[in-house]
Amino acid sequence: MTATDPIANLQTLIRCPSVTPAEGGALSALEAMLLPLGFKVDKVKATATGTPDIENLYARLGTEGPHLMFAGHTDVVPVGDEAAWTHPPFAAEIANGELFGRGAVDMKGGVACFVAAIARHIEKHGAPKGSVSFLITGDEEGPAINGTIKLLQWAAERGERWDACLVGEPTNPDKLGDMIKIGRRGSLSGKITVHGVQGHAAYPHLADNAVRGILQLTHALMHPPFDGGTDNFQPSNLEVTTVDVGNPATNVVPAKATASFNIRFNDTWTAESLQQEILRRLDAAAAEGVLRPGREALKYDIVWAERPSHVFLTRNNALIASLSSAVESETGQSPKLSTTGGTSDARFIKDYCPVVEFGLVGQTMHMVDERVAVSDLERLTVIYETFIERWFANAGL
């Protein structure tokens, strides 16, 4: 196998049923592609109490700098109703110019194209004047505990240092060339519990309805807006994602009500300053008593979700310019530099080196009949190949 064909690479990877946390043969298949190219490959198993063991892969070609990392994942989400698929989810069949399969765009397609790009570079020019590495996890779609974050730590402890990283997530909303991600919003979650007094609905003076309290607090979380956005980020946005009472009786006033929330925040805030603002809002709302006339300040507690994601913005002009020009040379359009969307493993990588994201069109990711245009696989490979040449020409600095 020469690994220069992104279609063949992707078919091989899709045929490995690597649904999180199963490796499914995908990392072994990737290893088989990289070893003939001269990469030194390490398989790294990470463990943690209460979470599945995860297999990861780190591969490096070269020993000197500058050092370019490609990061991604080979694990995929479950297929859902397999009978609803037009083509079997792990068959990697091609029909009407599209390649079907779980992981086609998220993100085995990006991995397949970067392998093809570096294989073509080696075939044409020899190994880059520096180093290229692959940092590939099997835990991006899972809890992300035994994946990229631990693989980065493992590599750094062994002296690995990187000058830049490209993550191959599907960043384009409509067509290839639309968007490069140059940062991500932060993400912070929590769960509020309001404590009242259970009683009979006909005798409200003897009870204290926790539902009234939870409504008061959730309103305070969502209004007024946290900010108006910044030059590089859209406004921070908080959504209440669940409200639960657990009360099956219509004539009983509940003693407890809970609400969970998530906020995606911009660089106006840190996770710590945002927690303080949320507590300020909750304390003020608890004391107001708008929905609880004549009552004491309502009693609540809050539990923060572990490991909030921190906001970041990449400002490495050489990295961004090399990728943007590569995209424009193939697609004819200048990609938008964006920080929209959810989180990715770039949130871990940014602590080690500048990082950007660019991959396939993400319209079918996680869906039944996930698929990618075959022509996009070739075009993305050309973009990656051009990017590799231009980044190393600029010494990555």
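So, salt bridges: by the rule used here, where a side-chain nitrogen of Lys or Arg sits within 4 Å of a carboxyl oxygen of Asp or Glu, the count comes to 16 salt bridges. Before we look at some, a word on where this comes from. This is a predicted model, where local features need pLDDT of at least 70 and side-chain atom pairs count only at pLDDT 80 or more, while totals for chains, interfaces and linings use all residues. Residues are numbered from 1 along each chain as its sequence is written, and side-chain values use heavy atoms, with hydrogens and water left out.

Okay, one pair to start with. Glutamate 31 and lysine 43 meet through their side chains in a salt bridge, 3.4 Å from N to O. This pair links distant parts of the chain: glutamate 31 is in helix α2 (residues 26-34) and lysine 43 is in strand β1 (residues 40-48), 12 residues apart. When I say helix or strand, I mean DSSP runs numbered from the N terminus: H or I with at least four residues for helices, E with at least two for strands. The cut-offs are under 20% relative accessible area for buried, over 50% for exposed, and partly exposed in between, with a 1.4 Å probe and protein chains only.

Next pair. Arginine 184 and glutamate 357 form a salt bridge at 2.8 Å, N to O. Here the partners are 173 residues apart, with arginine 184 in strand β9 (residues 183-184) and glutamate 357 in strand β18 (residues 355-357). Both arginine 184 and glutamate 357 are buried.

Arginine 281 and glutamate 277 meet in a salt bridge at 2.9 Å, N to O. Both sit in helix α6 (residues 271-288), four residues apart, which is about one turn of the helix. Why does that spacing work? An α-helix has 3.6 residues a turn, so residues three or four places apart point the same way. Arginine 281 and glutamate 277 are both buried too. And salt bridges with shared partners join Glu277, Arg280 and Arg281 into one network.

Let's move on to helix α7. Its 15 residues (317-331) should span 21 Å at 1.5 Å a residue, and the end C-alpha atoms are 21 Å apart, so that agrees. At the start of α7, a side-chain oxygen of asparagine 316 comes within 3.4 Å of the backbone nitrogen of alanine 318. Just after α7, glycine 332 has a positive phi of about 80 degrees. The buried residues of α7 include Leu319, Ile320, Leu323 and Val327. What do the buried residues of α7 pack against? That would be β7 (164-167), β8 (179-181), β17 (336-338), β18 and α9 (374-393), where contact means heavy atoms within 4.5 Å.

Helix α4 (residues 148-157) gives us another example. Among its buried residues are Leu151, Leu152 and Trp154. The buried residues of α4 pack against β1, β2 (51-61), β3 (67-73), β6 (131-137) and α8 (346-349). After α4 comes glycine 159, with a positive phi near 90 degrees.

A couple of loops, quickly. Threonine 364 is in the loop between β18 and β19 (371-373), and at 11% relative accessibility threonine 364 counts as buried. Leaving aside neighbours within four places in sequence, threonine 364 is in contact with Val105, Asp369, Glu370 and Arg371. Proline 204, in the loop between β11 (199-200) and α5 (210-222), is partly exposed at 47%.

Finally, let's zoom out. The chain has nine helices and 19 strands. Its C-alpha atoms fill a box of roughly 80 × 45 × 40 Å along the principal axes. Of the 397 residues in the chain, 55% are buried. Among contacts with a separation of 6 or more, 80% come from residues 24 or more positions apart. That's the tour, so, over to you.

Key. The expected span of a helix is 1.5 Å times one less than its number of residues. A polar contact is a pair of N or O atoms within 3.5 Å; within protein, one must be able to donate a hydrogen and the other to accept it, and residues adjacent in sequence count only if both atoms are side-chain atoms.
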